[in-house]
Amino acid sequence: MLFRNRKFLIGFIIIAILVTVAIVSNTLTEPALRRTGSFLPKLPPASGWPLGTDSLGRSVAIQMSEAILKSLLVGLVAATLGTFLGAVIGFTAGYFGGVVDAFLRMLIDVFLAVPSLLFLILIASLVKGVGVLAMAVIIGMFAWASPARQVRAQVLSLKERPFVELARLSGMSGLEIVFRELMPNMLQWLGANFVNAFIAAILAEAGLSLLGLGPQRDMTLGMMIYWALSYGAILQNLWWWWLTPVFGLICLFLSLYLLHLGLDEVSNPRLAGRV
Amino acid sequence: MTAPLLEVRGVTKVYASGVVRKRTTVALEDFSLAQPSEPAAITTIAGESGSGKTTLARLVLGFLSPSVGQLLYKGQDLAGMSKREWLDYRREVQAIFQDPYAVYNPFYKVDHVFRVVIAKFHLARGRDQTEKLMAESLEVVGLRPDEVLGKYPHQLSGGQRQRVMLARAFLLKPRLMIADEPVSMLDASLRAMVLDIITKLKTDLGISFLYITHDLSTAYQISDNIHILYRGSVAEWGKATTVIELPKHPYTQLLVESIPIPNPRRRWTERVELRPEQELAAAETPGCKFADRCPHVMAVCHQARPPLIQVGADQHAACYLY
Amino acid sequence: MNEHVLEVRDLRVSYHTPQGPIKAVDGVSFDVGAGERFGLVGESGCGKSTTAMALLRLIQPPGRIEAGEARLDGVDLFALGEEELRATRWSRLSLIPQGAMNSLNPVMRIREQMADAINAHEARQQPRELLQRIETSLNLVGLPHRVASMYPHELSGGMKQRVCIAMAISLGPRLLIADELTSALDVVVQRVVTQTLIEVQERLGASLILIGHDMGLQAQLVDRLAVMYAGRIAEIAGITTAFEGPLHPYTRLLISSVPTIEERKTLQAIPGLPPSLLNPPPGCLFHPRCPFAMERCRVEAPELAEVEAGHWVACHLYPGTTGARP
């Protein structure tokens, strides 16, 4: 049913293609080819190196196949962490109320008020030698506050709805109500939120990497751009080196955004222009 | 003598709001009621908005606790019941609500409301028994299983949804049903059907009802007893036909007078005045709450709350006129 | 014979959905006389509110007025241009829509909202004159002057509805349409508000179309009643005739399903469900639920025809209901 929506379908296909190509080329590439100097440097795209080579003699295409996957990994881990943490905190605060809610609400407000990008920069610069996973976790740390607040708001409003009262009348306990009655209603929203967080995380990683705060020893799309800029790719007109990861980012972003729009339309048919 | 089915003893419910400056609202004041176990009866709790009737419903259903007074079911106080006892209570005391849509979880098909209670209260074992039970219950309310089972709430009409709720109640065979404005959101033709089902459940299955409404016309049609609430206090109570045909309390009289009778030959003749002060915030008064609107107000009315006085064989009114 | 203030002929309104057109109003015709109170009653989804919105040309896409004429004092409302239409609304034809009291702007004082309505239609007034008119309108609906400086949330439901009445009559329209004016109000307040409406209508000499589903209110207030079912009119009759001698089977069932404090009786339910307006059944729309349905009813839709003076029915049980158009 979700796949019948055109936007969702297109987005999904693009991502699927990117991921498949990346995985396939990753497995097919001999490790030796990844090392610097495997190719002649600064070569424009040609048959042996379809996306050209960089100043260090590495194939841009090979780098891309790794970078796409790593960027997606960052997005995945950060989004999962953020959404999951946000959901748990939101549910707890919303359903149990009282002191617990007051405390959690304060926590949520603090994290929301904090300029996350600045803090990310601060933390990333303090922690030396971040790996991809560590990056993901750091980004995820700042992604839970918004979903938490919204989940809490939803739970608060759903809690008073007659069907929850009916559930109580049917003898369900509090926990049962949260999991069997409230949670399913939130799944769609959580799904949309997850996709949002995914996009934001990928862009955050790209931004941090560009500033030089990224995982230096791994290859992500952001890092590729960073290396390209560090080696003066623009000035030397090595367009294939910096344009490719930028294009890759745009593709990822667009496809995820289409997924998001598709999800929105499915859960809210009025957006699709239907009555 | 067996304990009454439901007994409400001098219950008062006060709400406090605001953190810095506490504002108290008395939603229900000194309310008492005794619903006997036999025979099954439909008791109406009637009142306009702000009368406290919804608060009473929530108190009886255990969603609220009284500030003062007790609620007893079969002689047992609701306060301090164990989880086990609450489960038993839920088996015997059920409800049907006003909004036939909001009462369903939109995520699930309507079967969900049956399956939850069948599982919780072990009413059937295995798929066949479950299906048979559901079909039986739907039949009582005039629905076919293929008409409603397997469908989502938004695919059914308001009348069908409300009847499914009644079928769910039938499934449980409770002793007491709280019906909170069950027909006010339904069309005229469906009201008749739902009211008919309620009456049938009373006469055929011996289920007593607490019918909460603002509509005296429907109350007149189906109830045995009636309690009229005004701003949290009882104005009048007694046998439904008597109270509506011969109201003694000035508020009840005003209420009955204001009903639009569906008969073009019996039109309203007098003009009713409603001063703006009466419509807005209710001033706290130690006396009768209706005093500022009452055409028969006397000095004593402002001094203390009028007690409930027996004014007829089956009728009590809280008014100094008597 | 009174000139009719409003003449509606064969009004058709459809909502175009991906599944097809929903015929919300399918050939509605009726007349409203000068100073008359005309009731339009029916259950939810019968098209009564849509009719009101259509008269004021407030139907939004995907809804569309497909056909029909609506003459207000001889002028076809559907043929008016934008400017003339704007001028007509409020000053000659006014609507108090369903849930009007919830549409009052919560951040504007009452007098500002009333002033807006007046200024939108007449040349900018002097502030003092404007206030004068506002206070006069408030007087007419029985509200004290201080209400003008209040905000909507400070007023009770009944007071808000009366403000809506005041706004609707501020320019002295010829025809006032009230859609479910009192359905959210308590019984006593309902009486006061409807009382106000009638007083205002009589003082203005305007005509009134009272739309609602409460048969009791219709019995108390209107002179003539039109019963709608599934987008069509089933019957139009004088109010007493409608209650004491209804002809259309639907009207009969409807009347006997209304609870009353006059007597305790078994209320009549109408079995079945209203038809789908997307795929309506052929012939008479009521035939699947009608206790008197004949073969002809399944095939041929009855036309609304006058079977006695002032009494119109659309039913094959009565002679003269084929071909004759009002």
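# Reading the three chains

Author: Start with a contact between chains: in this predicted model, 38 residues of chain C meet 37 residues of chain B.

Reader: Which elements of chain C give two or more residues to the side that touches chain B?

Author: On chain C, the elements that do so are α5 (157-169), α6 (187-204), α7 (215-221), α8 (239-244) and α9 (249-256). Of these, α6(C) gives the most, with six residues.

Reader: How is that side of chain C made up by class?

Author: The side of chain C that touches chain B has 21 nonpolar residues, 11 polar ones and six charged ones.

Reader: How many residues of chain B are in contact with chain A?

Author: There, 18 residues of chain B are in contact with 11 residues of chain A. Two or more residues each come from α2 (83-92), β6 (93-96) and α3 (111-120) of chain B. The most come from α3(B), which gives three residues. By class, this side of chain B has 13 nonpolar, two polar and three charged residues.

Reader: How is the size of an interface often given?

Author: It is often stated as the accessible area lost when the parts come together. The counts for these chains are of residues instead: 38 from chain C and 37 from chain B in one contact, and 18 from chain B with 11 from chain A in the other.

Reader: What scores does the model have?

Author: The ipTM is 0.84 and the pTM is 0.80.

Reader: Turning to chain A, how many helices and strands does it have?

Author: Chain A has 10 helices and zero strands. Its C-alpha trace spans about 75 × 45 × 30 Å along the principal axes. Of the 275 residues in chain A, 42% count as buried. Among contacts in chain A with a separation of 6 or more, 68% are between residues 24 or more positions apart.

Reader: Which residues touch the most other members of the largest nonpolar core?

Author: That core has 273 residues, and those touching the most other members are Ala78(A), Ile139(A), Ala201(A), Ile228(B) and Leu175(C). Take Ala78(A) as the case: leaving aside neighbours within four places in sequence, its contacts are Ala136(A), Ile139(A), Gly140(A), Ala143(A), Ala197(A) and Ala201(A). Two of those contacts, Ile139(A) and Ala201(A), are also named among the residues with the most core neighbours.

Reader: Is Arg168(B) buried or exposed?

Author: The test is a count of C-beta atoms within 10 Å, and 20 or more make a residue buried. Arg168(B) counts as buried because it has 25 C-beta neighbours inside 10 Å. This residue lies in helix α6 (residues 158-172) of chain B. Beyond neighbours within four places in sequence, Arg168(B) is in contact with Val113(B), Phe114(B) and Val117(B). Glu147(B) is 21 residues from Arg168(B) along the chain, and their C-alpha atoms are separated by 15 Å.

Reader: In what order do the strands of the four-stranded open sheet in chain B run?

Author: The order is β2-β1-β4-β5 (chain B), with antiparallel pairing. At the edges are β2 (23-35) and β5 (76-77) of chain B, each of which pairs on one side only. Inside the sheet, strands β1 (residues 6-17) and β4 (residues 68-73) of chain B pair in the antiparallel sense over five bridges. Arg9(B) stands opposite Gln70(B) in β4(B).

Reader: Which strands of chain B pair with β12(B)?

Author: Strand β10 (residues 233-239) of chain B pairs with β12(B) in the antiparallel sense over three bridges, with Glu236(B) opposite Ala317(B). Strand β11 (residues 308-312) of chain B also pairs with β12(B) in the antiparallel sense, over four bridges. There, Leu308(B) has Ala318(B) as its bridge partner. A hairpin through two residues joins β11(B) to β12(B).

Reader: Which residues cover the two faces of β12(B)?

Author: Strand β12 (residues 315-318) of chain B is covered on both faces: Gln315(B) and Ala317(B) on one side, and His316(B) and Ala318(B) on the other, are all buried.

Technical notes. Residues numbered from 1 in each chain as written. Chains lettered and ligands numbered in written order. Predicted model: local features only at pLDDT ≥ 70, side-chain atom pairs only at ≥ 80, totals over all residues. Core = buried A, V, L, I, M, F, W, Y, C linked by C-beta atoms within 7 Å. Buried ≥ 20, exposed ≤ 12 C-beta atoms within 10 Å, placed from the backbone. Contact = placed C-beta atoms within 7 Å. Nonpolar A, V, L, I, M, F, W, Y, C, P; charged D, E, K, R; others polar. Pairing = 2+ DSSP bridges.
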